[in-house]
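Colleague: Could you take me through this model step by step, and give each term its cut-off as you use it?

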Amino acid sequence: MEFLSSIINGLSLGAMYAMIALGYTMVYGIAKMLNFAHGDVITLGAYTVVIVSSTVLVPAINLPVWAGFIAAVLVCAAVGVLVEFVAYKPLRRASSLAVLITAIGVSYFLQNFFQIVFGTSTKNFPRVPLFNETWMIGSLPLNSGSFFTLIFSVLIMIALTFFVKKTQTGRAMLAVSEDRSAAQLMGVNVNRTISVTFAIGSALAAVAGFCYGYTYTGIVPTTGAMPGIKAFVAAVLGGIGSIPGAFVGGLALGIVEYLSQIYISTQWSNVIVFGILIVVLLVKPTGLLGKKRSEKV
Amino acid sequence: MAFISSVKRTLKKVKWKRYTSYIVVGAWFAVLLLLDLFGGLNDTGSRLMMLAAVYAVLAVSLNLVVGVLGELSLGHAGFMAAGGYIGAIVSKALAPSLPVAAYFPVSMIAGGLAAAAFGILIGVPVLRLKGDYIAIVTLAFSMIVFTVAQNLDFTGGASGLKEIPAETNYINAFVVLIIVLVVIQNFTRSKHGRAIMSIRDNEIAARACGVNITYYKLFAFTLAAFLAGVGGCLYAHTATVLRPESVDYNTSIELLVMVVLGGMGSMTGSVIAAAVLTLLPEYLRFLQDYRMIIYAVVLILIMVINNNETLRRYKDRFFAWCKRALAAAWAKCKTALKGKKKAPAPAAETRETLQAPAEFTEVDETALDERERKGEK
Amino acid sequence: MPILKTENLSITFGGLKAVSDFSVEIEKNRIYGLIGPNGAGKTTVFNMLTGVYKPTAGRFYLDGEDLTGKSPIYINRKGVARTFQNIRLFGKMTVLENVLVGLHAMNKCDPFSSILRLPRYWRTERELKNKAHALLDVFGLDGEAEHISSNLPYGKQRKLEIARALATNPKLLLLDEPAAGMNPHETGELMETIRLIRDGFDMTILLIEHDLKLVSGICEEVTVLNFGTTLAQGKVEDVLRDPAVVTAYLGE
């Protein structure tokens, strides 16, 4: 019984990683860059919820937490697009290392921006009705928050798969990720496609930030850093650039991390998580579901 | 007179570009010595200079992987940690029974060897992987080292390894920096360095030229790890308390920023960038909370301006204009100097005020040249 | 004894026969052509001969030694050097350094002598630099020795790639479409260079080429590949008149 509930909690943690990893992997697939600032978008999302659903914004009226959620998704998507436009777009033809360092700069900027605006003290995430209960399914205690995180991620995954496969923009994204210049020659608006990708990825990070908020309740300027890195690991584990890979990698990472925390040791779980990553890459150098690309001589 | 002109001729023949890094470090060291002699160097100042030298060692060693071998490493602090902890432990064990001059080099070599062992260990997966996957494996490695350091007893756990003998001073720090520079530059300017650069530029062609890819990748990685271990050991003896946080992922990132800002493959650039990035934040303390955000904005601006074709053209034009203006001013000074040889004082003054900005533009230019020369076409 | 002898060299990629039963014998000091339409498997043959691909069947011998399935480095040391269809220079290194990498195997200086700058380092380095300059001189590139190789004009990049291949001291030189992208004047120059390499370096050359004028101009013998199989083989004049070859090139 305890094992089953650990699995569910692990899945929920993994679902959160999966949502972040989807953003990582989509941006990597389409813009061919590691967006190291992605983790900080999670923090931005969480802070937005905190601000909107408190009395700071509209005095005397406590907006519901769901208003905060919607605001977070919109704000993050907008910031994602803005950051892409200001910092990454001028570097379309630069080396990937230059883009990486720029992304690190953006990450520093966001973290310190949060620090100036919100201070270093922990901000409490508002309570979400229904999300902080313990349900009993038979004799199995289930945290409602974990359940909803899982539901969110599954819905997102379904929506995203549908979007990529069935819509014009989604197909444009696939085309750009395969071959940018060929896509351009076929009339795909590459810049717009990349902007859309950043918007979607950042919106997913906002959802992940919301999930993080109601699960862990305390938000600090560096909240998103560690989940960001873990999600990056998840994306690579699943095969970076692959959408199902990010989902599978996220869930796998979550379960491994949670189980090793429960059954082995909290302190050493990171060693296990990162060790598994190295081992997987040794056996399958492109990740679990990644495509192998070989250079033609 | 004949002697002087023959010296002049020999000096002209020397390829100065090869020695810029030594000249820069030597000049920096000389300034420190002079300051120290005249009592202008307080404890905080000399500690800062030591740290700058330590980070220069680390940045230069990372440049061997990133700039020369062309592989992205996000885990260089992991090697620094290995060297730091092992070196500090060796020092603590030997300190009671041996003089400093005997045990400090020993602990530095021990730290370097420990890091090199990790370098080989992590080099094996690196050989099988490509590009961004190498970045993530090195990142994972440094995360593992960080967690292990946090949880082991003999590394002092999360509160850090304490009471490390404070044996680093700016003199031995600079000696180590010079030695590391000599090792790296002599290495890269030999057939081995060329082989490593050929792998960076075109692995398939390198193999067709009979370059042993496996051997050289591993060699570069291990040598870089060794030198980072030495740097880590030096760091431990500067800080005297080695906390896991000082050798975590963020440190790796900072080192990477130094390498990129200094110019890929340019050791001089790495040294200057390491010094600037270590010293500047301290002198900008008055900016308080805004310090880091300004740093972030400047970092983004530098990257965008240097790597966007249109913006770079504007920048080049601006610097060309500055250069012309300076050259004109310099020519004026010269004529003024020649005109009244008996009163050189005012001329010297103008020269000094003019040279300060000149140095800055020149620093930037070398980094830029480097990037353009090795630049992505 | 032929310098290069291949026996039924074949390779399949996932069921697709890229090259089947490729057999040639190339005598020393010959310039041998390998021609055929796009996708005929010419470069694949080169990749097998240099160890990039391992042949699924058949063997090949260099100067009598069986090199089938050996590593690229081993094959290179034994005396096979090549150039690439899409030029592969070490773009961020200088022209001189490119050739010095080619001379890599000849330099017997260990890392420690290099780091400590022992006399051994200075001696080997001086010898190799002299060799490299001499080689560059042959190709008229010595004036640009200190230039960054990717800044060279196209024709010179091709020449540099050949010089680098020659630096590895091969017995057999494989040139993959050396005239690709060249204008008629440059092609003429290249033909001179190739002859000069053969005579001056006592070299055997196997080259892939589309330019039939070049092939008939300098090659003594030629093999025509089509869909991985050998269509015709023999003296250039005869082969190029072969109706099967004409059909492969021009269609029915």
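**Chains in contact**

Modeller: The contact brings together 34 residues from chain B and 37 residues from chain A, where two residues are in contact if their C-beta atoms, placed from the backbone, lie within 7 Å. This is a predicted model, in which local features need pLDDT of at least 70, side-chain atom pairs count only at pLDDT 80 or more, and totals for chains, interfaces and linings use all residues. Residues are numbered from 1 along each chain as its sequence is written, while chains are lettered from A and ligands numbered from 1 in the order in which they are written.

Colleague: Which helix gives the most to the side of chain B that touches chain A?

Modeller: Helices (H or I, at least four residues) and strands (E, at least two) are DSSP runs, numbered from the N terminus. The elements of chain B that give two or more residues to the side touching chain A are helix 5 (100–128), helix 6 (132–151), helix 11 (249–262), helix 13 (290–307) and helix 14 (309–339). The one that gives the most, with 11 residues, is helix 6 of chain B.

**The sheet of chain C**

Colleague: In what order do the four strands of the open sheet of chain C lie?

Modeller: Two strands pair if DSSP finds at least two bridges between them. Strand 2 (16–26) and strand 5 (65–66) of chain C are the edge strands, each pairing on one side only. Strand 4 (residues 57–62) and strand 5 of chain C pair in the antiparallel sense over two bridges. The pairing in the open sheet of chain C is antiparallel, and the order of its four strands is 2-1-4-5.
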